[in-house]
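Take a look at the model below.

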Amino acid sequence: MSTRLARALTTIFVLAVVLLPIFWLVSTSLKSNREITQEGTLYPHVPTLDNYVRLFTEKQFGSYLTNSLVVTFFSVAIALVAGAMGAYAIARFRLPLAMEGKVGLFLLTLRIIPPVVILIPVYLLMLSLGLLDSWLGLIATYTAFNVTFCVWMMESFFREIPVDLEEAAMVDGDSRFGAFRRITLPLAAPGLAATAIFAVLVTFNEFLFALALTATPRAMTMPRGTATLIGRIDTDWASMSAAGVIGALPIVFFALLVQRHLVRGLTMGAVK
Amino acid sequence: MHGAAQARKYRLQGAGLDLALPYLMLAPGLTIVLGVLVYPLWDGLRASTKAYRYGSPVGDIGLQNYVRLWSDVQFLNSLWVTVKFVALSVSFEAVLGFALALFCLREFQGIRLLRTVLIIPMVVTPVVVAIVFRLIYASDAGMLTALSQAMGGGAVQILGNPVNAFVGLVVLDVWEWTPLMFLILLAGLQSLPHEPFEAARVDGAGAWRVFADLTFPMMRPVLAVAIVLRTIDAFGTFDQVFVLTRGGPGEATRLISIYGYDTAFKFQQTGYAAALFVTIGLVVLALAFSAIRLLRRVDAS
């Protein structure tokens, strides 16, 4: 009996620690700035949606959201196509210099180096190409990060699929690429989905490169746009919390929907 | 008959366009990675050997940028803050994550809810996590202040005080990333063999003995992988600090990434900042690969 009680209490405690900060964010977003700073209420006494309306009418969050969706969609889609093909080539073919065996180490090395290390040269590259503050600059950057991740994940998925199936298809008259497209790719669909989900999450949340590479609502993404609300002397808590809710809600909802696939990506394959 | 077999073999090996297929399939991904990741790495190395004025190169200075790092008090301080931050955060996350994983090993009511809710902190946008914690810590609008006032106390100062701000940052990181430790360690616990534990139960071993003699030794490799993974990521922490404290007050929470960013984009010392980041990249790589080598040796023995 006492173990059950201890178990229940621990569960409630953990839930509270995780959820209370989230509750406070949502609760603050429903208060007026007056209620937030002067009355210090524990929950919204006069709930209002004004903060949300203001984000879209006065603060261009419509643009940020559009930019985020466009940039995330294209960088993940391109990386999935390029990454799946690259991973397949490594998983199935012999390449010169035994490259197929070394790609794993190469990708691991790229993944270990903190992204901030290449921030300056990427900035200089986009500056020289005239791609600062544009969708294209962000899409190129995110696609590159996503490709390394996609190849890393997809290679192991392809290796698990027996070669015999492709051979059979080729005996029946498929070309090599046709066998890949019609046989292997559909079989790897669950793996492809898991990879895509994780790539979407990371790309939508990315802030550092968006901070350095964008400067106006023309290309700023959600996290980047949210950060513009911060840093003035008078912090606009109401707008900031509403922006936090809008930025977090879709991604949390999306993640909970697909949580089964998330763990493998989050741990870079350390847990299957 | 012979001809058909020959034709089949020919088909499988591929002919014409098929011979070039591996390269055609590799080309798009390789081009993007070489262009946007590998070339910048090389370019960063090159920039690190140059002096810059107002963002443009004005001459080669060899390794002077690297030498200068080690007499730069602000760099050394940010390195120290980063090491402290990583060591404290990752230790707390490992201990809490392990405890929580042990707790969740047995099926019970509410475990599914717990596991689902624990996904939230690590998928919320890091910028939003930082906003959440600003809303907790703020001395005027914060949750801590509101709670303190509800109980008759005064405003709570977190982000204005160097020690409190640093602790506040560690708490944020622990809140955000303990769930990841928990998930990895839980998966590790669930994959342990059952026999040794049953034997121990037959022998009447107590819970602590089972943990110290069986669970912990068997979990050591998984624990090590989880710690290495988190340490690498924690070294690159940027978003949360940028939004929560921007490195302040003073230099109390100025991690190496923030200092490098400011050096490049605020003070326009591009070459010096590049040298700083190359150094950090090398340090993290060296740490990671010596950890991997160590793990392999433990695995082999």
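A residue is called buried if 20 or more other C-beta atoms lie within 10 Å of its own, exposed if 12 or fewer do, and partly exposed in between, with C-beta atoms placed from the backbone. By that count, 45% of the 272 residues of chain A are buried. This is a predicted model, in which local features need pLDDT of at least 70, side-chain atom pairs count only at pLDDT 80 or more, and totals for chains, interfaces and linings use all residues. Residues are numbered from 1 along each chain as its sequence is written, while chains are lettered from A and ligands numbered from 1 in the order in which they are written.

Start with the outline of chain A. Chain A has 14 helices and zero strands. Here helices (H or I, at least four residues) and strands (E, at least two) are DSSP runs, numbered from the N terminus. The C-alpha atoms of chain A fill a box of roughly 75 × 65 × 35 Å along the principal axes. Two residues are in contact if their C-beta atoms, placed from the backbone, lie within 7 Å. Take the contacts in chain A between residues at least 6 apart in sequence: 73% of them join residues at least 24 apart.

Now to the helix pairs. Two packed helices are described by the angle between their axes and the distance between the axes. Axes are lines fitted to C-alpha atoms, for helices over the stretch in contact, and angles run from 0 to 180 degrees between N-to-C directions. Helix H7 (residues 135–159) of chain A and helix H10 (residues 189–205) of chain A have axes that come within 10 Å and cross at roughly 155°. That angle makes H7(A) roughly antiparallel to H10(A). The cut-offs are under 35 degrees for roughly parallel, over 145 for roughly antiparallel and 65 to 115 for roughly perpendicular, with the rest oblique. The crossing of H7(A) and H10(A) is right-handed. A crossing is left-handed if the near helix is turned anticlockwise from the far one by less than a right angle, and right-handed if clockwise.

Which residues of H7(A) and H10(A) meet? From H7(A) come A:Tyr142, A:Asn146, A:Phe149, A:Cys150, A:Met153, A:Met154 and A:Phe157, and from H10(A) come A:Gly191, A:Thr195, A:Ala199 and A:Thr203. Seven of the residues in this contact are nonpolar, four are polar and none is charged. Ala, Val, Leu, Ile, Met, Phe, Trp, Tyr, Cys and Pro count as nonpolar, Asp, Glu, Lys and Arg as charged, and the others, Gly among them, as polar.

H10(A) also packs with H4(A), at an angle of about 140° and with the axes 9 Å apart. This crossing is right-handed. The residues on the H4(A) side include A:Ser68, A:Thr72 and A:Ala84, and those on the H10(A) side include A:Leu192, A:Thr195 and A:Phe204. The contact of H4(A) with H10(A) has nine nonpolar residues, five polar and no charged.

Two loop residues of chain A deserve a look. Most residues other than glycine have a negative phi. A:Gln60 has a positive phi, near 60°. A:Gln60 sits in the loop between helix H3 (50–57) and helix H4 (61–92) of chain A. A:Asp133 also has a positive phi, of about 55°. The loop of A:Asp133 runs between helix H6 (119–129) and H7 of chain A. A:Asp133 counts as partly exposed because it has 16 C-beta neighbours inside 10 Å.

Move on to chain B. Its average pLDDT is 85, and 92% of the residues score at least 70; pLDDT is the predictor's confidence in each residue, from 0 to 100. Among the elements of chain B, helix H1 (residues 2–13) has the lowest mean pLDDT (46) and helix H4 (residues 73–103) the highest (94). Where pLDDT is low, the predicted coordinates should not be read in detail.

B:Ile256 lies in helix H13 (residues 256–266) of chain B. B:Ile256 is buried because 28 other C-beta atoms lie within 10 Å. Beyond its neighbours within four places in sequence, B:Ile256 is in contact with B:Ser78, B:Leu79, B:Thr82 and B:Ile280.

Finally, the two chains meet. The contact takes 75 residues from chain B and 78 residues from chain A. Helix H2 (residues 17–47) of chain B gives the largest share of the chain B side, 17 residues. The predictor gives the complex an ipTM of 0.87 and a pTM of 0.87.
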